[in-house]
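Thank you all for coming.

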Amino acid sequence: MKSKILGLLEFNKITKLLADQAGSTIAKERIAELEPMTNMHAVTDALTETTEAVSVILYKGTIPVGEIADVKDLLKMARKGRILSMRELLQIKSSLAAARQVKLFLSSDMPDNLRVIPEIAALIAPVPKLEQDLDNAILSEDEMSDNASSALKSIRRDMRNKNEQIKARMQKFTSSSTASKYLQDAIVTIRNGRYVIPVKREYASMFPGLVHDQSSTGATLFIEPQSIVTMNNELRQLEIDEQNEITRILEAFSGRVAEHYHEIHNNQDLLAELDFINAKGKLSIMLDAREPKMNEQGIIDIRRGRHPLLDMEKAVPINVELGRDYTTLLITGPNTGGKTVTLKTIGLLILMAQSGLHVPADESSELPLLKEVFADIGDEQSIEQSLSTFSSHMKNITEIFAEAGEGCLVLLDELGAGTDPAEGAALGIAELEKLREMGALVVSTTHYTELKKYAISTEGVENASMEFNVETLSPTYKLRIGLPGKSNAFEISRKLGLSEEIIDRATELLSENQLSFENAVSRVEEDRKQAEDMVDEANRLKAEAEKKLAIAEQKLEKARSKAEEIVDDAKEQARTMLRDAQGTVDEISSELKELRKNAQDHGHASNAVAAGRRKLREAEDEYKSDGKKRSVQTGKAPKPEDIEIGMQVKLTTIGQNGEVESLPDSRGNLQLRVGALRIGANVKDLIITESEAAGNKDKLRKAYSQGSRQNFMKDKVRNVRTEINVIGRNLDDAIYEVEKYIDDAYLAGLTQVRIVHGKGQGILSSGLRDALKKNKHVKSAKAAAYNEGGDGATVVTLKEKK
């Protein structure tokens, strides 16, 4: 495409934005040469690259290419045998590190359905050994590490030792009391790389040796004493050896770089390519752009397209169609209404897409692959060439006619302007007809009514207009396809206060045909606005209905969830009731077996059977209807005469429920059974918790008088002990027994119990403790103390019974 057109449509500003997203100079140089492509395969591949880059950036961040040094010249020099300096080798190391990091970044945890970027990453060939050796050997551009080679390390060690020896010998000269008067300063310094002492000129003969320098006044001579000349010579030789070893190391590294010429050279090209692709992805995200669909049928279908250089928050999106039912689009409307921006937007989006860049439009947008884009936009009047506005336009259009044809887009701003309106309109119609005949797509702006009429009456030509708000005297920048625009000159003049007399006279001067056309346009515009208002209202009602439906569905879902919770709670309560009922049956069966084994007479066994039946009735009553207990707290202390054996009370001093085991004495003292403990209490510290106590008095007295007090107590607290042993059980059976035991212990008012399970392999202990953590009655569960069984037992603290 012509560079003039690229500049006119501001494509160069897009490439500058793209270059700002690149990290390396190499990629920026490539971007500076970026131009639209005309090969469909190349364009689709480039767009795919951009789409994949966006996926990678959004998934795990930008590709860590960074600044890539151009090492191709260094590679050529190394290949020719030149020794690379430490600074140059550091550039090679930087390139090697970048290749390794990018390869690692792109080798794992990547988005699905990528094709191009993984293929490029697979071609990167890191050279980790060379990179690591360079990193260990070279510390900076002018410093090599001692670890670069064993020989260098040995030489530098000898140099340090020799320096220390020389300094020690020189120190004798400066520290001697007799010699201090001969020295200008009692210091050791270096001249020409050799250690010297500053001697006063008149005493030079006192220090035989080599004079290396003198002060600016000549009063001081810097003398190397003869006794350390040999030592300085040895140090100098070590320095030469050091430099030779450094040169040898650099030569070896340069040779290794030459051996990996192809890998490093290819890596640089691949990294530059990834940097370029990464920059395209970053620009796409910055512009909120999308990949358009490309076609070779000359179809333009831009949906909600924005000019990429305008503020995203302020730019008004446009919808443009061309190439299906019509190939020529005439845009009319007021000045500064957005006509020229619309032309540039259409042209620039096509140039971006054919350069492999995403465009700021909906992803459903479709753009054509064009051979060329031509444009005549703006006033290019040339004073030097003595060209008027009209002449300048004619020169551009003449050039367009020489090259335009099928597969081309022509953008014309203010067609026929700059000359007599009648002639300009006629010339504009003739130009449009010629361009249509040549097969070009055309988008043009105009103010001429004749051109609007031409579009209405000609197949393949369509009108469009830029909307203008007469009330606010400002454009809305919205493009309307299918409707010609009005000049709105009379309405604007009336709003600005021009006399009605003048406006009426102007109306009379308009030709009848022209006035009829303007009136028709006005009526169509009013109908369109009314239709749009109806559509907007329908959309509003639809959105409101959808919102209400969403709220109703949310409420319904909450109701369903609540119902499920209620059902789950009911099932859990049922399971609890069944467990307790089963426990009651098991307990009665156990007691009956024990009685059969130990019973002395038939009457005693009958009493036990009766007690068992009573237990079953009590269990049945306990879970009837709402499953709530019939006992409630009375809230007041009882009198001594109210106390009955077996009465359920709460001891306020410790906050625990218990059962009366003895009647109060003259002082109100009595005995209570709290869980498995028997403790003393006073009547004034009790609260009756059994509302049905009075109704059960006869039953309690009868049970007590028959000598079965022990069995009665078992009935009430279900014979709960403070300890259960589940050693030898499998985990499921043990959990079932322990959960039943915890329920009984909680109902009996126990605050702490012990579960003996043994140590073994820890399966039983860990499984039971996990289950206990989830039990609603358990406050805490931990291993017993060492003297109580240690890890072989678990002490469980129960919550206070409510």
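**Charged pairs and a patch**

K395 is partly exposed, with a relative accessible area of 38%, where partly exposed means between the cut-offs for buried, under 20%, and exposed, over 50%, with a 1.4 Å probe and protein chains only. Those areas come from the Shrake-Rupley method with a 1.4 Å probe, and for residues only the protein chains shown count as cover.

Before going on, a word on provenance: this is a predicted model, in which local features need pLDDT of at least 70 and side-chain atom pairs count only at pLDDT 80 or more, while totals for chains, interfaces and linings use all residues. Residues are numbered from 1 along each chain as its sequence is written, and side-chain values use heavy atoms, with hydrogens and water left out.

What does K395 meet? Its side chain forms a salt bridge with that of E399, at 3.1 Å from N to O, a salt bridge being a side-chain nitrogen of Lys or Arg within 4 Å of a carboxyl oxygen of Asp or Glu. Both residues lie in helix α13, four residues apart, about one turn of the helix; helices here are DSSP runs of H or I with at least four residues, numbered from the N terminus. E399 is partly exposed as well, at 37% relative accessibility.

Salt bridges that share partners also join D301, R303, E321, R324 and E366 into one network, and the structure holds 36 salt bridges.

Helix α13, residues 389-403, also carries E403, whereas K2 sits in the segment before α1 (3-8), so this pair ties together parts that are 401 residues apart in sequence. The two side chains meet in a salt bridge of 3.2 Å, N to O; E403 is partly exposed at 43%, and K2 is partly exposed at 35%.

Turning to another pair, E234 and K162 form a salt bridge at 2.5 Å, N to O. E234 belongs to helix α10 (residues 229-259) and K162 to helix α9 (residues 150-175), so that distant parts of the chain, 72 residues apart, are linked. Is K162 buried or exposed? K162 is buried, with a relative accessible area of 14%, while E234 is partly exposed at 35%.

Finally, E29, E33, E35, D70 and D73 form a negative surface patch, a patch being made of residues with over 30% relative accessible area and no salt bridge, like charges being joined within 9 Å. Among them, D70 lies in the loop between α4 (40-60) and α5 (72-79), and D70 is partly exposed at 47%.

Key
Patches are made of residues with over 30% relative accessible area and no salt bridge: like charges are joined within 9 Å, nonpolar side chains (Val, Leu, Ile, Met, Phe, Trp, Tyr) within 5 Å. Lys and Arg count as positive and Asp and Glu as negative; His and the chain ends are not counted. The place of a charge is taken as NZ of Lys, CZ of Arg, CG of Asp or CD of Glu. Helices (H or I, at least four residues) and strands (E, at least two) are DSSP runs, numbered from the N terminus.
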